[in-house]
Amino acid sequence: MDEARDSQTEKPGIDNLGMVWHRGKQYRKGYTTGSCATAAARVAALMVLRQQIIHQVSIVTPSGVTLALNVEQPLIEGQQAMAAIRKDGGDDVDATHGMLIFARVALNDSGAITLDGGEGIGRVTRVGIGLPIGWAAINKTPRHTIEEAVREVIGPHRGAEIVIFAPEGEERAKKTYNDRLGIKGGISIIGTTGIVTPMSEESWKRSLALELEAKRASGLNRIIFVPGNHGERFVSRQLGIEADYVVTMSNFVGYMLQEAVRLEFRQVVLVGHVGKLVKIAAGIFHTHSHIADGRMETLIANLALMGAPLALIQAVDHCDTTEAAIELIAEQGWQAVYPHLARKICWRIEQMLRFASNKPQCDAILFSFDNQVLGCNRPVSEIVADFMEGDR
């Protein structure tokens with residue numbers, strides 16, 4: 001046992017994590033729920049062996065960073081102990097930031113270590129996230145680090161029963177994607193490095209791709225990508241297609257299309273407000289405004305190519321929003337620009353995926369804020385019919 005790593009006097013903190021710069025600003029790093037669970041389990045095991053309350057604990061994360069963390073609510077009851085670590089996401093605040101992650105460790109003579117989730121830890125109800133159905137939603141990396149941390153403390157011959165729990169977990173999970181992933185009843189214990197890098201798009205993208213993987217594992221081979229909640233509601237209420245087919249792509253259009261190719265989806269439909277999807281017609285596959293805008297310029301260029309009058313083009317150029325432009329375009333009868341844009345979106349996707357060996361069929365549906373279909377590359381009825389056939 002490394003006595004230097006666990007003491008009651010060591011100064012806690014995460015100063016050694018450092019800072020990151022994003023868009024000209026400095027942000028503080030944090031640590032994952034997996035690191036919290038690992039630290040809580042380690043200190044609980046230590047307290048059982050020492051029969052002594054410990055107020056700080058150190059762990060080494062999978063990325064090699066050492067964390068010295070405060071222990072909250074430590075309790076010893078004979079051959080079992082309980083402790084909690086408060087999640088700190090740094091400046092990348094998420095649904096679990098600030099909550100307590102608990103571990104209860106009970107020692108025995110079995111020689112084996114078992115790990116499970118208790119109150120507030122979700123349960124896996126569907127295939128597709130790399131864990132068996134019925135298991136607690138504790139991902140592979142934190143499972144390994146938790147078990148290793150306890151094994152290091154108790155030695156090779158003792159056994160231990162570890163339960164990770166989070167009293168706030170069920171409520172906090174409502175702000176996550178867990179329900180869509182088939183994780184019910186609480187949060188997930190996650191993290192591959194143990195460290196949270198603020199403003200990280202990679203972790204966000206990966207969470208979206210994980211949902212896509214779950215859909216594919218459930219047997220779906222058609223999928224609908226939407227930018228956000230508005231698109232999801234439109235698919236359900238206006239198109240009458242089951243929500244099971246819908247995955248949020250956020251601004252990561254190109255990334256999610258490539259993931260769809262990797263997972264061998266047969267059909268991909270992009271459904272969204274014209275102000276978001278019109279950018280794809282210009283070859284913009286990351287649609288956040290800080291990356292690229294060009295909404296009006298794309299509208300103007302395509303109106304011009306169709307022969308729209310200069311007065312309309314100039315009026316659209318002065319619009320602040322695409323909704324304002326939609327009104328002008330309707331007044332002068334140039335709504336044909338929308339199916340034209342939808343076809344161009346599909347062409348752009350075709351070009352981006354031109355080297356893929358198993359390209360999915362792609363469709364695009366553009367709508368307005370009042371939930372009216374503005375345009376699509378082929379009749380909406382045909383697209384909807386594809387999904388009504390079912391593919392499970």
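Helix α9 (residues 295-305) packs against α10 at an angle of about 175°, and their axes lie 9 Å apart. Because angles over 145 degrees count as roughly antiparallel, α9 is roughly antiparallel to α10. These values come from a predicted model.

On the α9 side, the residues that take part are M296, L299, I300, L303 and A304, which meet L312, I313, V316 and D317 in α10. By class, the contact of α9 with α10 has eight nonpolar residues, no polar residues and one charged residue.

Helix α10 (residues 310-317) also packs against helix α11 (residues 322-331), where the axes come within 9 Å and cross at roughly 165°. The two helices, α10 and α11, are therefore roughly antiparallel to each other. Their crossing is right-handed.

The crossing of α5 and α7 is right-handed. Here K205, R206, L208, A209, L212 and E213 in α5 meet Y255, M256, E259, A260 and R262 in α7. The contact of α5 with α7 has six nonpolar, no polar and five charged residues.

| Helix pair | Angle | Axis distance |
|---|---|---|
| α9 and α10 | about 175° | 9 Å |
| α10 and α11 | roughly 165° | within 9 Å |

The report now turns to empty space in the model. Rolling a probe the size of a water molecule over the atoms shows where empty space is left.

A search of the whole structure finds one cavity of 30 Å³ or more. The largest cavity holds about 50 Å³ of space. Its lining consists of 13 residues, and G34, S35, T38, P62 and T145 lie nearest the centre of the cavity. Two or more lining residues come from each of α1 (33-50), β4 (56-60) and α2 (140-154). By class, the lining of the largest cavity divides into four nonpolar, nine polar and no charged residues.

The second largest pocket contains about 180 Å³ of space. Its lining is made up of P227, G228, H230, G231, G272, H273, G275, K276, R295, T322, F367 and F369. At least two residues of this lining are supplied by each of α6 (229-239), β16 (267-273) and α8 (274-277). The lining of the second largest pocket has three nonpolar, seven polar and two charged residues. Among the residues that line this pocket are R295 and T322; R295 falls within α9 (residues 295-305), and T322 falls within α11 (residues 322-331).

Conventions:
Residues numbered from 1 in each chain as written. Predicted model: local features only at pLDDT ≥ 70, side-chain atom pairs only at ≥ 80, totals over all residues. Heavy atoms only, no water. Left-handed = near helix turned anticlockwise from the far one by under 90°. Helix = DSSP H or I, 4+ residues; strand = E, 2+ residues; numbered from the N terminus. Contact = heavy atoms within 4.5 Å. Nonpolar A, V, L, I, M, F, W, Y, C, P; charged D, E, K, R; others polar. Axes fitted to C-alpha atoms, helices over the stretch in contact; angles between N-to-C directions. Parallel < 35°, antiparallel > 145°, perpendicular 65-115°, else oblique. 1 Å grid on protein atoms, 1.4 Å probe; cavity = no way out; pocket = protein on both sides within 12 Å on 5 of 7 lines; lining within 4 Å. Points joined across faces, edges and corners; volume = space filled by probe spheres on them.
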